Amino acid sequence: LVVDARRVDLLGAYTVKERFVGLLEPARQTHLSFERPGLVTEVLFDEGDQVSNGAVVARLDASKLRSERRALEARQQELEAQFDLASVTLSRQSALKTKGWQSEQKYDEARFKAAQLSSAIRRLKASIESIDIDIAKSELKAPYSGTVAARSIDEGSVVSAGTRVIDLVEGGDRRVRVGVSIEASDTIEADQSYRLVSGGRKFDGRLISRRPDLQTGTRTVVVLFEVFYCKQTKPT
């Protein structure tokens, strides 16, 4: 055997490169659902469609609510007419009482009648406002601009409050959730930029937060990065 003797140089330290698997995810993702039960009459977007902030994505049948509102409006007009008559009567009773031609009883009856009708009108207006809120909630609107990731309900379905209709994923900003070792977690600083790789493309991220707990299954600490430069948004 030919032996080659070489000089060994001792180093004070060495660099180890570590790779950790993470997930590129949207900043916000919401399961849109109605706050009230009812019959779905329209679902205006499908999977992959772009939705703008405030756009109506689905509607419930509100015909019964509108009918109830018209009935309450008619009742309100009736009470307002009675209140006008009670106000005129109260004014006359007050004039007669001032001249001493009318008893306290008649004046009090007119006064309390007007007050009763005024209270009934306010109560009826509150009921109309409540119906208006239910009518407004019959339209499901997007809380922000994004992309429809999933559609769970079609027209003709009867849903209960909280039933998932559409999954909306926010476009634009992205975040990266990575599980790193305890040692690596201690070295990540908030004011530093870190190179991340997704689908063969490189982009930069800045630390947003670090979870204080340890994931028991993987023995890693979850850190969250904000992506502020990205050529391609594809899950790792």
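A contact here means heavy atoms within 4.5 Å. With that in hand, let us look at the chain as a whole. Among contacts in the protein chain with a separation of 6 or more, 70% are between residues 24 or more positions apart.

## About the model

This is a predicted model, in which local features need pLDDT of at least 70 and side-chain atom pairs count only at pLDDT 80 or more, while totals for chains, interfaces and linings use all residues. Residues are numbered from 1 along each chain as its sequence is written, and side-chain values use heavy atoms, with hydrogens and water left out.

## Overall form

The protein chain holds three helices and 13 strands; these are DSSP runs numbered from the N terminus, with helices (H or I) of at least four residues and strands (E) of at least two. Its radius of gyration is 34 Å, well over the 18 Å that the globule rule gives for 236 residues, so the chain is more spread out than a compact globule. That radius is taken over C-alpha atoms, and the rule itself is 2.2 Å times the number of residues to the power 0.38. Along its principal axes, the C-alpha trace spans about 135 × 45 × 30 Å.

## Surface and charge

Of the 236 residues, 30% count as buried. Buried means under 20% relative accessible area, exposed means over 50%, and partly exposed is in between (1.4 Å probe, protein chains only). The accessible surface of the protein chain comes to about 15,900 Å², with 49% of it belonging to carbon and sulfur atoms. These areas come from the Shrake-Rupley method with a 1.4 Å probe, and for residues only the protein chains shown count as cover.

As for charge, the chain has 37 positive and 34 negative charges, and their mean positions are 2 Å apart. Lys and Arg count as positive and Asp and Glu as negative, while His and the chain ends are not counted. Each charge is placed at NZ of Lys, CZ of Arg, CG of Asp or CD of Glu.

Start with Asp167, found in strand E9 (residues 164–170). Asp167 is buried, with a relative accessible area of 7%, and its side chain is joined to that of His31 by a polar contact of 2.9 Å. A polar contact is a pair of N or O atoms within 3.5 Å; within protein, one must be able to donate a hydrogen and the other to accept it, and residues adjacent in sequence count only if both atoms are side-chain atoms. Beyond its neighbours within four places in sequence, Asp167 is in contact with Thr30, His31, Thr147, Val148, Ala149 and Ala150. Leu10 is 157 residues from Asp167 along the chain, and their C-alpha atoms are separated by 58 Å.

Next comes Glu25, in strand E1 (residues 22–26). Glu25 is buried too, at a relative accessible area of 14%. Its side chain has a polar contact of 2.9 Å with the side chain of Arg177. Not counting residues up to four places away in sequence, Glu25 touches Arg174, Arg175, Arg177 and Leu224.

Arg69 sits in helix H1 (residues 63–98) and counts as partly exposed at 23% relative accessibility. Setting aside residues up to four places away in sequence, Arg69 touches Ile128, Ile131, Asp132 and Ile135. Ser127 is 58 residues from Arg69 along the chain, with a C-alpha separation of 8.6 Å.

## Loop residues

Gly48 is in the loop between strand E3 (38–43) and E4, and counts as partly exposed at 47% relative accessibility. Apart from neighbours within four places in sequence, Gly48 is in contact with Thr147 and Val148. Ser52 belongs to the loop between strand E4 (50–51) and strand E5 (56–60). Ser52 is partly exposed at 44%, and its contacts outside four places in sequence are Ala142, Tyr144 and Ser145.

Ser181 lies in the loop between strand E10 (174–180) and helix H3 (182–187). Ser181 counts as buried at 15% relative accessibility, and its side chain reaches the backbone nitrogen of Ala184 at 3.2 Å. Finally, Arg219 lies in the loop between strand E12 (201–210) and strand E13 (221–229), where this residue is exposed at 55% relative accessible area. Most residues other than glycine have a negative phi. Arg219, although not a glycine, has a positive phi of about 55°.
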